[in-house]
Amino acid sequence: MALEKGIAGLVSDFIAAGRPSARAKSIDDRRSGYVASTVLAGETETRVQVEDITLEGMTFRLFSPQNASGDLPALIYYHGGCFISGGFDTHDKQLRQLAFYSGCRVVAVQYRLAPEHRWPAAHDDAQSGADIVWKNAEKLGIDGKRITFAGDSAGGHLALVTALRLKAAATWQPAQLVLIYPMLDATAYFDSYTFNGSDYVITREALLSGYEMYLGDTDRLLPDVSPLWRDDFSGLPPVHIITAEFDPLCDEGEALCKHMTEQGVTCTCSQYQGVIHGFFQLAGISQSAKDAIRDVAARVARI
């Protein structure tokens, strides 16, 4: 399928600029560029309440519907950014929209980033953040039995691995997972890394350089590093995966759905056509992004 019009313009500009190398940019430039891209995320939803809170030494951003009361379903959200960038500012608009359209509370988890903090810092923070939210559910106005884990890209990876760690610990589990074009395979095994790896803004090089800065010499096939290849999915709650047609990660998202289904997990997958990695943050120029945000919000509300 052809690229959506707004996204086609981004891709054309990227190619015309000579396909700038992610590795040639400093970490500060990559982070500031990510923040600058939020201009493409659409309007800022103001019909929600937003506050930064600190619990047990971790900082969270809590998004709630206006005049919310009582214990609501909640979404614990892990931002993307290839383990090296991203945070509250890069995902504020999407999370405001998710809180508004779902009528639920959304909790953004801030985790440590590479290269300052390498493996397994982000994974440990992701699990700690989920445990803290669950333990403080009543204080936060959250129904602890109706929590969804979600995340995009590196955040989708962290949502999945956190659920697997909690399952192994036999403590608690979310009610469902929503994984938005998750990073799943640090070996870059699948063909979409080649077919979609050069032209579509978020390139093979951008993704793999993020893994490199975070993982260093860590074995790429460790279960928590490349969770796609795990054989212990059985027992997870229902999972929904979102993939993008022109994403280097498209094939591995589809493969995860197959692997999970084979292992007895209730898993569904939606591939959005005409879009690229990162489209979930492009609601200012992409109808698919608007549709995906409302779909995720509806899934959170149904729990």
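These legends walk through several close-up views of a predicted model. Residues are numbered from 1 along each chain as its sequence is written, and side-chain values use heavy atoms, with hydrogens and water left out. Because the model is predicted, local features need pLDDT of at least 70 and side-chain atom pairs count only at pLDDT 80 or more, while totals for chains, interfaces and linings use all residues.

View 1. Helices (H or I, at least four residues) and strands (E, at least two) are DSSP runs, numbered from the N terminus. Along the principal axes, the C-alpha atoms fill a box of roughly 50 × 40 × 35 Å. Of the 303 residues, 57% count as buried; buried means under 20% relative accessible area, exposed over 50%, and partly exposed in between (1.4 Å probe, protein chains only).

View 2. Two strands pair if DSSP finds at least two bridges between them. With β2 (residues 58–65), β4 pairs in the antiparallel sense over four bridges, and leucine 62 has valine 107 as its bridge partner. Strand β3 (residues 72–78) runs parallel to β4, joined by five bridges; here leucine 75 is partnered by valine 106.

**View 3. The hairpin of β1 and β2, with glutamate 56.** Strand β1 (residues 48–55) meets β2 in antiparallel pairing over eight bridges, and glutamine 49 stands opposite serine 64 in β2. The hairpin has two residues between the strands. Glutamate 56 has a positive phi of about 50° although it is not a glycine, and it is exposed, with a relative accessible area of 52%. Asparagine 67, in the loop between β2 and β3, also has a positive phi, of about 60°, and is exposed at 70% relative accessible area. For background, most residues other than glycine have a negative phi, and most peptide bonds are trans.

**View 4. Histidine 79 in the loop between β3 and α3 (88–102).** Histidine 79 is buried, with a relative accessible area of 4%. Contact means heavy atoms within 4.5 Å. Not counting residues up to four places away in sequence, histidine 79 touches several residues, among them Ser85, His91, Val109, Tyr111 and Asp152.

**View 5. Glycine 141 between α5 (137–140) and β5 (142–152).** Glycine 141 counts as buried, at 9% relative accessibility. Its C-alpha atom is separated by 7.2 Å from that of serine 69, 72 residues apart along the chain. Leaving aside neighbours within four places in sequence, glycine 141 is in contact with Gly70, Asp71, Leu72 and Arg105.

**View 6. Cis peptide bonds at proline 115 and proline 120.** Alanine 114 and proline 115 are joined by a cis bond with omega of about 5°. From tryptophan 119 to proline 120 the bond is cis, with omega near 0°. Proline 115 lies in the loop between β4 and α4 (121–135), and proline 120 has its place in the loop between β4 and α4.
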